[in-house]
Amino acid sequence: MNWLEALLSRLEQLWPWTRIKPWQRAVRSTYIPWGGVRVSVLSPGIARHLWFFDQIEARDVQEDSVNLATQSVTTKDDIAVTFSASFMYEIEDVQASVFNVREFSSSLQDLSLMHLSERVRSWTWVELLDRQKDLEDSLRGTLTTRAKKWGVRITKCGMTDLVKARQFRLFGEISTE
């Protein structure tokens with residue numbers, strides 16, 4: 001960042017207006033000297049933003065998806081499996097999504113990965129094949145319970161891949177000549 005970009009960035013922070021886009025909702029926290037903090041939810045449009053007194057957090061509220069990383073786990077019957085999943089969500093309560101969790105998207109992602117790996121480890125390969133829908137329902141239930149506190153609604157969950165993992169081992173000879 002050069003000096004001009006740094007200067008423009010500072011000037012932008014002092015600008016008294018903030019634009020909230022049509023697909024966003026925002027939360028304004030206003031510090032009132034000797035009066036505490038007042039919180040208000042803002043709709044799309046132009047909002048006043050006084051650099052010392054106000055802080056505005058805007059969030060996109062339309063439906064979004066998260067594609068979870070592929071995991072490799074060993075089942076209860078000692079079979080290595082590789083699987084992945086996805087889920088979709090939307091923000092219903094922007095104030096809860098700002099104040100009740102630091103970063104809801106990554107928190108939901110981490111919770112999903114932990115839940116799925118724990119479940120897969122507790123089932124056999126045959127159970128996994130036969131009960132994929134149960135695994136999806138279990139994930140949806142866990143996410144729905146946690147996300148509700150954060151103002152987020154889970155709209156869909158699904159397994160995107162489930163296969164036995166292929167393991168390759170290379171053995172080499174060591175020459176001592």
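Which strands and helices do the buried residues of H5 pack against? I found strand S8 (80-91), helix H3 (104-122), helix H4 (125-130) and strand S9 (152-164), with contact meaning heavy atoms within 4.5 Å.

Ground rules: this is a predicted model, where local features need pLDDT of at least 70, side-chain atom pairs count only at pLDDT 80 or more, and totals for chains, interfaces and linings use all residues. Residues are numbered from 1 along each chain as its sequence is written, and side-chain values use heavy atoms, leaving out hydrogens and water. Helices (H or I, at least four residues) and strands (E, at least two) are DSSP runs, numbered from the N terminus.

Entry, H5. I listed its buried residues as Leu135, Glu136, Ser138, Leu139, Leu143 and Ala147; buried is under 20% relative accessible area, exposed over 50%, partly exposed in between (1.4 Å probe, protein chains only). Down the axis of H5 they fall within an arc of 160 degrees, so they line one face of the helix; the arc uses directions from the helix axis to the C-beta atoms. On the other side, I noted Lys133, Thr145, Lys148 and Lys149 as exposed. Just after H5, glycine 151 has a positive phi of about 75 degrees.

Entry, threonine 30. I placed threonine 30 in strand S2 (residues 24-32), buried at a relative accessible area of 7%. Not counting residues up to four places away in sequence, threonine 30 touches Gly36, Val37, Arg38, Phe53 and Asp54.
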